[in-house]
Amino acid sequence: MPNKSQQLTAALKARIHILDGAMGTMIQKYKLEEEDYRGERFANWHVLVKGNNDLLSLTQPQIIEQIHREYLAAGADIIETNTFNATTISMEDYEMASLSREINLESAKLARKVCDEFEAQDPTKPRYVAGVLGPTSKTCSISPDVNDPGFRNVTFDALVEAYIESTLALIEGGADLILIETIFDTLNSKAAAFAVEEAFEHAGVTLPVMISGTITDASGRTLSGQTTEAFYNSIRHIKPISIGLNCALGPDLLRQYVEELSRVCETFVSVHPNAGLPNEFGEYDLEADEMAKEIIDWAESGFINIVGGCCGTTPEHINAMYQGTKNVAPRQLPEIEVRMRLAGLEACNLN
């Protein structure tokens, strides 16, 4: 098997690659009820599980497969496993922590199966499985108790342990790369990155790693307070194949931060924004052609190497991005001046 890191690096230099769109948005279209989430296996589970989308990889695998197929048919090169909340920490919300490994494993197998189907039809276009590690439902940097700023509801070591288990299962299931995404707390991402390296050593393999943070609002900062460049400085030592931004904002509001990341980033840049901001019903109104116009502008401005969609996006959005960027050259990796690059909430770059 060719070295996936070398293969993907060469491919990203040649053209813009398309990431898939939202899994949750597509699942919502099926209007599943509690019994659909439970299936036969969990018919008598002692807590409600509706909304546990990752569980559907076990109880409704045909739905997850179909969603993957639709995104690949739309032009996606990279599809994400249905594991955004599949760590033991997030699964504890449904008292299903013991199922974490199985969900990650089966989710990766589903994505691998569908990618292999499409690649068999067209061997000239490799399809990649991105094993997703989400941010978890807890934060290592911020107290959830306003009356006790020093309190934490999770430790760094607990995050590492959870991420190692998930990563090993994703590798076993056939992931080509690992995507640490929707990072709102840089310390969580450091735990994930450390865990991924530990998992690689344990498994005896090394896969490409994508890292994608989240600018939470118009302040231009992550939830833990960092600017785009400070976030980049905090995690660049991991040497991922790409660093990017996703979620929270639509492409119009995200543009300035993508431009900033493109300026400072010495590796490939990825981005998968929401389809605008949610309306009063929690739905996303930005149509595929409107969103594609923004993405095409980014591509023509030389900002991106990988682009896809987050909340509210569908295969129609992904196809519009694919059609609009397939003849646009990817961002060229810049020559970045060697400096000491540090970060608190702001970036500090020293000569």
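C247 lies in the loop between β6 (242-246) and α11 (251-264), where helices (H or I, at least four residues) and strands (E, at least two) are DSSP runs numbered from the N terminus. Phi of C247 is near 65 degrees, a positive value in a residue that is not glycine. C247 is buried, with a relative accessible area of 14%; buried means under 20% relative accessible area, exposed means over 50%, and partly exposed covers what lies in between, with a 1.4 Å probe and protein chains only. T136, in the loop between β3 and α8, also has a positive phi, of about 75 degrees, although it is not a glycine, and at 5% relative accessibility T136 counts as buried.

The model is predicted, so that local features need pLDDT of at least 70 and side-chain atom pairs count only at pLDDT 80 or more, while totals for chains, interfaces and linings use all residues. Residues are numbered from 1 along each chain as its sequence is written, and side-chain values use heavy atoms, with hydrogens and water left out.

**The chain as a whole**

The chain holds 13 helices and 10 strands, and its C-alpha trace spans about 60 × 55 × 50 Å along the principal axes. A compact globule of 351 residues would have a radius of gyration near 20 Å, and the 19 Å of the chain agrees with this; the radius is taken over C-alpha atoms, and the globule rule is 2.2 Å times the number of residues to the power 0.38. Buried residues make up 56% of the 351 residues. Among contacts (heavy atoms within 4.5 Å) between residues at least 6 apart in sequence, 77% join residues at least 24 apart.

**Two helices**

The table sets out two of the helices, with the expected span taken as 1.5 Å times one less than the number of residues.

| Helix | Residues | Number of residues | Span between end C-alpha atoms | Expected span |
|---|---|---|---|---|
| α7 | 100-121 | 22 residues | 32 Å | 32 Å |

In α9 the buried residues include T186, N188, A192, V196 and F200, and its buried residues pack against β3, α8, β4 (177-183), β5 (209-213) and α10 (228-235).

**Nonpolar cores and an aromatic pair**

A nonpolar core is a set of buried Ala, Val, Leu, Ile, Met, Phe, Trp, Tyr and Cys residues joined through side-chain atoms within 4.5 Å. Of the 84 residues in the largest nonpolar core, I180 and I304 touch the most other members, and the largest share of this core, seven residues, comes from α7. Apart from it lies another core, of 13 residues, among them L177, L179, M210 and I241. Leaving aside residues up to four places away in sequence, I180 touches L133, A192, A193, V196, V209, M210, I211 and S212.

A search of the whole structure finds one aromatic pair. The rings of F42 and W45 have their centres 5.7 Å apart and their planes at 85 degrees, so the pair is edge-to-face; rings of Phe, Tyr and Trp (its six-membered ring) pair if their centres lie within 6.5 Å, with planes under 30 degrees apart counted as stacked, over 60 as edge-to-face and the rest as tilted. F42 is buried, with a relative accessible area of 4%, whereas W45, at 21% relative accessibility, counts as partly exposed.
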